[in-house]
Amino acid sequence: MTASSTEGAGAVDRHPQSSLAKLAVGAIGIVFGDIGTSPIYAFRETFAGHHPLAPDQLHIVGVLSLIFWSMMIVVTLKYVAVIMRADNKGEGGSLALLALISRSGDGKARWTSGIVLLGVFACALFYGDSMITPAISVLSAVEGLTTVQTAFAPWVLPIAVGILIGLFAIQSRGTAKVGALFGPIMLVYFLTLSVLGIVHIAAAPGIIVETLNPLNALQFFLTDGWRAFLALGSVVLAVTGAEALYADMGHFGRKPIGVSWLFFVMPALMLNYMGQGAMILSLDSATAAEVVKNPFFFLAPEMLRLPLVILATMATVIASQAVISGAFSVTQQAIQLGFIPRLRIQHTSEAAMGQIYIPAINWALMVMVILLVLFFQTSSNLAAAYGIAVTGAMFIDTCLLTVVLFSLWKWRPWVAVPLLAIFFFVDIAYFAANLTKVPDGGWFPLLVGFVAFTLLTTWARGRKLMLARMREASMPVEIFVKSAAGSATRVPGTAVFMTTAPDGVPHALLHNLKHNKVLHERVMLLTVKIEDVPFVPEEKRFEMKDLGSGFYRLIIRFGFMQESDVPAALQRVETCGPQFKMMDTSFFLARQTLLATGTKPGMALWREKLFSWMLRNAESAMEFFKLPPNRVVELGSQVEI
């Protein structure tokens, strides 16, 4: 196997001051919340869900074997061993993988339209997943109250909704303070999973050999093929959250996540699943049929069930928090990479740069999560909607991985092809099984995915067309400098004209000269570029060109995980005269009004109107680039695309 230097290139130690153990514990608190709460509902759904199975020896050991080998192939082999090597300067996730592919080979962008659309659709599916995960996780934990006392049943929905509203309400305050508790709580939770499982495995240790034996999974398919196929739709719930390992890699690094998974999280999960199976097999058929409706909570003796419900609820809140934070992070990446309009982003921690809060995403998620809980009523009904977004995203990750293996890492076909064949076989099997859930609720994440995909692609396409139209009408800057420098009156101070195009004269500069008839002593044509790497080093941040007569063109580069603070960046520019002082600097912005006519080729009229609506509602460049409000002048212009 050969690999170019790109493989693991981002594995540079981004956490030199933190010990492996500390990072591993931190990862347990954040990265594994989603997959860690799966035992609450995954095993139950396989036997008591929409396609119930008889809780007998054949089905229980068959399902346990499927869960174990799914974890081995999907999580351990695919994500931990292979995909997590494909990091973009330390960052993971579908968009980071897409950005990495774009810089492959000779450094030129190689984004074929098909690969870009796949990556964007994976991002769109994530929004569907991030709505369902908090709903199903919290609801399934609160439903445990009914195993303590059936009289709690009417209180399940109000309590779950109250917890979820509280969770979204505290997002604006940041999670730095409570985040310190996440690791210890999840450690206790996973240890509890292990102990509960071991107690029941001790009575029937043979369940371990049965689970590890892949022939039991095969026997399940040979004996009860159609039901086994349908069961895959529920078995996959045991590995939902696997993509979170990759997406959160930037926070903890590949090694701590891998260590946490292999030596702590996966053993705890499997012990618990095997414990659930051993417990059900030890019961008579009538009792087993009742217990299998909520086996996770029945693992604990009656006196400990309420504490288990409370611990599970805390774990699901932590899992939901991780998903919400993930939605903020993905949105920030998508904004910086040009797939989503500018939105207000608030930093909730001065110490941790990655802790952000996006109000529009937060409240939209909250409304959708509450509606999901009220519409589907039970976690079992929600399970029908869960899975299809995750399996779709996993399939897309495998498609992107194919490009990485052959284009970036140059793996030999005899190694890459069998590996990819296994991944594609498993992904397609799971996705196909989840397609059977579409009428029962699987339509929801697909609908959210297609709506988000339409918005993302419309914005990206509309921006491209708008910039092209503006470039057509722009004047060469050399001609403008020669003609304007001698004729216009110069006034003291600095004028910064923000422009998306790194050439030509900004419309705002032309309008200002036309109406005010003056130019400042120093005129800066400023372009902010977001690169397809998470962080741009200081030595590569600025690109300055002296155009003569007091005119300068400056390009400031930020990574897609960095805050675009223009005034702070200008303070460090020293190659174009005196240092920038905000009280002597005026920022001129052009605000475009889009005329949706449908007469020019490019986009359908309905997409032009959609793009126009998104443009009107995007956050202003003044707020996005942290410009001082009392130093900004906005000049309007109309553009037809």
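In which helix is Asn-434 found? Asn-434 lies in helix H22, which spans residues 413-435; helices are DSSP runs of H or I with at least four residues, strands are runs of E with at least two, and both are numbered from the N terminus. The model is predicted, so local features need pLDDT of at least 70 and side-chain atom pairs count only at pLDDT 80 or more, while totals for chains, interfaces and linings use all residues. Residues are numbered from 1 along each chain as its sequence is written, and side-chain values use heavy atoms, with hydrogens and water left out.

Asn-434 counts as buried because its relative accessibility is 0%; buried means under 20% relative accessible area, exposed over 50%, and partly exposed in between (1.4 Å probe, protein chains only). Its side chain reaches the backbone oxygen of Tyr-430 at 2.9 Å. Apart from neighbours within four places in sequence, Asn-434 is in contact with Gly-233, Val-236, Tyr-386, Gly-387, Ile-388 and Thr-391, where contact means heavy atoms within 4.5 Å.

Helix H5, residues 94-102, is likewise a covered element: 9 of its 9 residues are buried. Among them are Ser-94, Leu-97, Ile-101 and Ser-102.

The charged side chains come next. The whole structure holds 9 salt bridges, each defined as a side-chain nitrogen of Lys or Arg within 4 Å of a carboxyl oxygen of Asp or Glu. Arg-44 and Glu-45 form one of these, at 3.0 Å from N to O. Arg-44 is buried, with 4% relative accessibility, and Glu-45 is buried as well, at 2%. Arg-44 also forms a salt bridge with Glu-143, whose closest N and O atoms are 3.7 Å apart. This pair links distant parts of the chain, 99 residues apart: Arg-44 belongs to helix H3 (residues 42-48), and Glu-143 to the loop between helix H6 (113-142) and helix H7 (145-148). Glu-143 is buried at 12% relative accessibility.

A further salt bridge joins the side chains of Arg-344 and Glu-623 at 3.0 Å, N to O. Here the partners are 279 residues apart, with Arg-344 in the loop between helix H18 (305-336) and strand S1 (346-347), and Glu-623 in helix H28 (residues 621-624). Arg-344 is partly exposed, with a relative accessible area of 43%, and Glu-623 is partly exposed at 33%. Through shared partners, salt bridges join Arg-44, Glu-45 and Glu-143 into one network.

Terms used: A polar contact is a pair of N or O atoms within 3.5 Å; within protein, one must be able to donate a hydrogen and the other to accept it, and residues adjacent in sequence count only if both atoms are side-chain atoms.
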